[in-house]
Amino acid sequence: MNSSSDVNQSGSPPFCLLGAVGYSHRLDTCVLEVAVILFLTVLIITGNLVVIFVFHCAPLLHHHTTSHFIQTMAYADLLVGVSCLVPSLSLLHYLRSLNEELTCKVFGYMVSVLKSVSMASLACISVDRYIAITRPLSYATLVTPCRLRVCIVLIWVYSALVFLPSFFSWGKPGYHGDIFQWCADSWKTSPGFSTFIVALLYAPAALTVCFTYGSIFKICRQHTREITQRHARFSSQTEGDKGERGERCEGCPDKRYAMVLFRITSVFYVLWMPYILYFLLESAGLYHHNVASFLTTWLAISNSFCNCLIYSLSNSVFRKGLGRLFSPLFPSCLSCMDTKKAPAPVSPRPDSKCQV
């Protein structure tokens, strides 16, 4: 042990997944890895704190039961960002006193569980939207607050149990801990454990999302076609025309909200697909590369920041809550926006059709 530590102190570079390209002799650290991890850590923590605070500041976001799952994802992603401080501190040589093997195993297990919570929450969101569209009359009796809380608890327990065998030397849950040399060199993946994870987590979640959203968009397309046919049939009647417009606009908010959730799910799987493919190839012994391991892993972890970005771009209620959250910091800008949005004064005139 003393001889190895003397060798490390004599000038040999520490272990870097990106190789000698990312190592700085002057700073004695893997600069590229530290920069990428710290950048993602700041984005993930900041973005998910914003999501959590906005949900507390915008009561309209609680009208959908999916908000409970979205907040669960936000808390899980926030914990991912906080846990990413561990490899950052390790690369900066602040964790030398800790057992590298135990630290690597605990960190890899925690991140795997937290990302599993996000994946399972996305599957539950798709099932919730499927029930809301296929059984709208019985939705309130099927999806109750008590059942939602039980479902969220089951998500956390199930995610924790799926990756628990990794502590009993069955296999490696992922490459999140490969920043530590022991994880990259000594902790090997197992084809049996990888198949176990895919069969119990990745495949069921992906198939559930594909089936539910496929059915949802098929139903929406069918309803749109029926409404269009009715509109063309009764377009000559003004009353029928107004009724069809009201019927057509009736499902607009639900359709827009479903599109927001579909974007979140699509971005999640787009960012995670390279990691899952590399995980399967490496477990089967077909391909292994440290740079590919690092890039696919942290590309998947970057998804923890994307939910905030998608919400801010797609959901008008979320943007209003975001404005309320930052209104104390920028009161002048908010007042300017309010004056711009204020309608021009109109002359009062009685109109029986304007009653609400």
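The legends below describe close-up views of a predicted model. Local features are reported only at pLDDT of at least 70 and side-chain atom pairs only at pLDDT 80 or more, whereas totals for chains, interfaces and linings use all residues. Residues are numbered from 1 along each chain as its sequence is written, and side-chain values use heavy atoms, with hydrogens and water left out.

**View A. A salt bridge joins Asp 77 and Lys 115.** A salt bridge is taken here as a side-chain nitrogen of Lys or Arg within 4 Å of a carboxyl oxygen of Asp or Glu, and by this rule the count comes to three. In the pair shown, the closest N and O atoms are 3.3 Å apart. The bridge links distant parts of the chain, with Asp 77 in helix 3 (residues 66-83) and Lys 115 in helix 5 (residues 100-134), 38 residues apart; helices (H or I, at least four residues) and strands (E, at least two) are DSSP runs, numbered from the N terminus. Asp 77 is buried at a relative accessible area of 0%, and Lys 115 is buried at 1%, where buried means under 20% relative accessible area, exposed over 50%, and partly exposed in between (1.4 Å probe, protein chains only).

View B. Glu 101 counts as partly exposed because its relative accessibility is 33%, whereas Lys 105 counts as buried because its value is 13%.

**View C. Arg 129 and Asp 128 meet through their side chains in a salt bridge.** The N to O distance is 2.9 Å. Arg 129 has a relative accessibility of 8% and therefore counts as buried, and Asp 128, at 4%, is likewise buried.

**View D. Helix 5 packs against helix 7 (residues 145-162).** Two packed helices are described by the angle between their axes and the distance between the axes. Here the angle is about 140 degrees and the axes lie 8 Å apart, the axes being lines fitted to C-alpha atoms, for helices over the stretch in contact, with angles running from 0 to 180 degrees between N-to-C directions. Helix 5 and helix 7 are therefore oblique to each other, since angles under 35 degrees count as roughly parallel, over 145 as roughly antiparallel, 65 to 115 as roughly perpendicular and the rest as oblique. Among the residues that meet, helix 5 contributes Tyr 109, Val 113 and Cys 124, and helix 7 contributes Cys 151, Trp 156 and Ala 160; contact means heavy atoms within 4.5 Å.

**View E. Ser 83 lies in helix 3.** Ser 83 is buried, with a relative accessible area of 5%. Leaving aside its neighbours within four places in sequence, Ser 83 is in contact with Phe 107, Met 110 and Val 111.

**View F. Leu 322, in helix 14 (residues 316-326), is in contact with Val 50 and Val 54.** These contacts leave aside neighbours of Leu 322 within four places in sequence. The C-alpha atoms of Leu 322 and Val 54 are separated by 5.7 Å, although the two residues are 268 residues apart along the chain. With a relative accessible area of 21%, Leu 322 is partly exposed.
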